[in-house]
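Here are a few exercises to work through with the model open beside you. Try each task before you read its solution.

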Amino acid sequence: GQEIKPKTTKFPAGDGPALPAWVAFDRQVLRFNAYFQEAVHELRDERYRVRNCLVYFYLEDDSVEVIEPKVKNSGIPQGTLIRRHRIPLPPPNDDKFYTVDDFAVGREINLYSRTFKITDCDQFTRRFLAKLGNKITPNESLPEDPYSKRRDEMQESMQPLRPYEKHDTLKQFLENDRRVLRFFCVWDDTDNMFGDARELVLHYFLADDTVELLERVPPNAGRDAGSVFLRRSRLPMGPVPLHQPGEIASRTVLNVFGPMGAGGRYILDSLKTGARDTKYYCDSDLGIGAVVDVWGRRVLICDCDDFTKHYYKTKYGVESFDALQYRDEAPPPKAPEIAPYNGFGSEEDSLSNCLHLIPKPPRRDFKKFMAKDRRGLESNVLRFEARFETTRPIDIDRRFIVSYFLSDDTLSVFEPPQRNSGIIGGKFTERRRVKKPDQTEQEYYAAQDLFVGALLVLNRYKLF
């Protein structure tokens, strides 16, 4: 009878469980390098072109995809030549499709009337074909394309009409972005009228070798607080003269033949014979003790921060970073003089007027007040009976009640009224803090100063 051939690739059975191909070979692709020749009828000097391709064979469903890598300035639409799908064999076997057995190194395959020659494959493809038992042939070299060879020779012999020098600053920017050297400097301007020493901060940006100067204006200096002394830019190492228009340019044009204007022959000066070279400050020119010429102003570098010290130590091997003393030590602040007490209000109120522009009420000891305040029957008040220390007959029999409040260390004196004494009793002293007599410092009566037999002086009245 007639032998029926399978329509898909028949893989040998393995040791594991039997799985369908779309599960066992999911995301597994065989890759082959191939080429095909394309005839050229429009040009007399060129008969054919060799076009390199990549052939992908998907093991899960026997689909094939052909991709041509893009070549610069080829003038040919490149990319996907044959999208992924199952490709039938050429007639008369067009009822069958390509399988993995049809692909091998050195074999020619016909895909829609276009012949592809397979020359190479990757390592995974080579191992997979070996496991299937297919014959593995060595790789073949790609043929040389005459058109590509001629274009390469023309490009090598071609000289650019506008040569230029490329400065690659991207690497420096990526390596040193956000890395800034900081120096503390001083500019001595005392030689000029009304000049003084200006404190400056120099920032050197390693990303693009630019310099920025900021001024540190002390308080009450009499100058505006504009901190930018020199905006960020490259700093030349000396005075730069004013150049004529067209003197500074990226390219120099030389007239080698003919008069000026029409009919002349010009070429670009690739050797830069007339170029103006301006030297700028770099990180190797900066350091403690160095003098930087900032557009005619001599700025002395006196100190730097820790990152700058670590940078110079690791890159240039500098070990000494002794700072230069450029200003005198500030004298200790003078203690403010306290005005004497004038008798109005309390002494704490007068002291607040001396210490603050806007007087503030004296702060009380809130914790002590809450602990010693009246609580039910506990008044936290010390009461004593006192009398005058005098020999006057009218004052000998006068009696007083001295109350000392532990919550705020205040003291009040009350005189009980006596019948037929001729003296109106009542409040003798308002509740307040009482200062001890003949004291240089502010020392007030405390609870330990009040006891039986103690002498209490109130406005030159002596009580005991």
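Helices (H or I, at least four residues) and strands (E, at least two) are DSSP runs, numbered from the N terminus. The model is predicted, so local features need pLDDT of at least 70, side-chain atom pairs count only at pLDDT 80 or more, and totals for chains, interfaces and linings use all residues. Residues are numbered from 1 along each chain as its sequence is written, and side-chain values use heavy atoms, with hydrogens and water left out.

**Exercise 1. Find which element gives the most to the lining of the second largest pocket.**

Step 1. A pocket is an open set of points on a 1 Å grid over the protein atoms alone, where a 1.4 Å probe fits, with protein on both sides within 12 Å along at least five of seven lines; lining residues have an atom within 4 Å of a point. The second largest pocket holds about 750 Å³ of space, a volume being the space filled by probe spheres set on points joined across faces, edges and corners.

Step 2. Its lining counts 27 residues, and Ser346, Glu348, Arg432, Arg433 and Tyr444 are the closest to the centre.

Step 3. Two or more lining residues come from each of α6 (347–355), α7 (366–372) and β19 (456–458). With three residues, α6 gives the most.

Step 4. Sorted by class, the lining has 14 charged residues (Asp, Glu, Lys and Arg), eight nonpolar (Ala, Val, Leu, Ile, Met, Phe, Trp, Tyr, Cys and Pro) and five polar (the others, Gly among them).

**Exercise 2. Inspect the backbone at Pro92, Tyr112 and Asn380.**

Step 1. Pro91 and Pro92 are joined by a cis peptide bond, with omega about 5 degrees. Pro92 sits in the loop between β4 (79–85) and β5 (108–111).

Step 2. Tyr112, though not a glycine, has a positive phi of about 55 degrees. Its loop runs between β5 and β6 (114–121).

Step 3. Asn380, in the loop between α7 and β15 (381–387), has a positive phi near 55 degrees.
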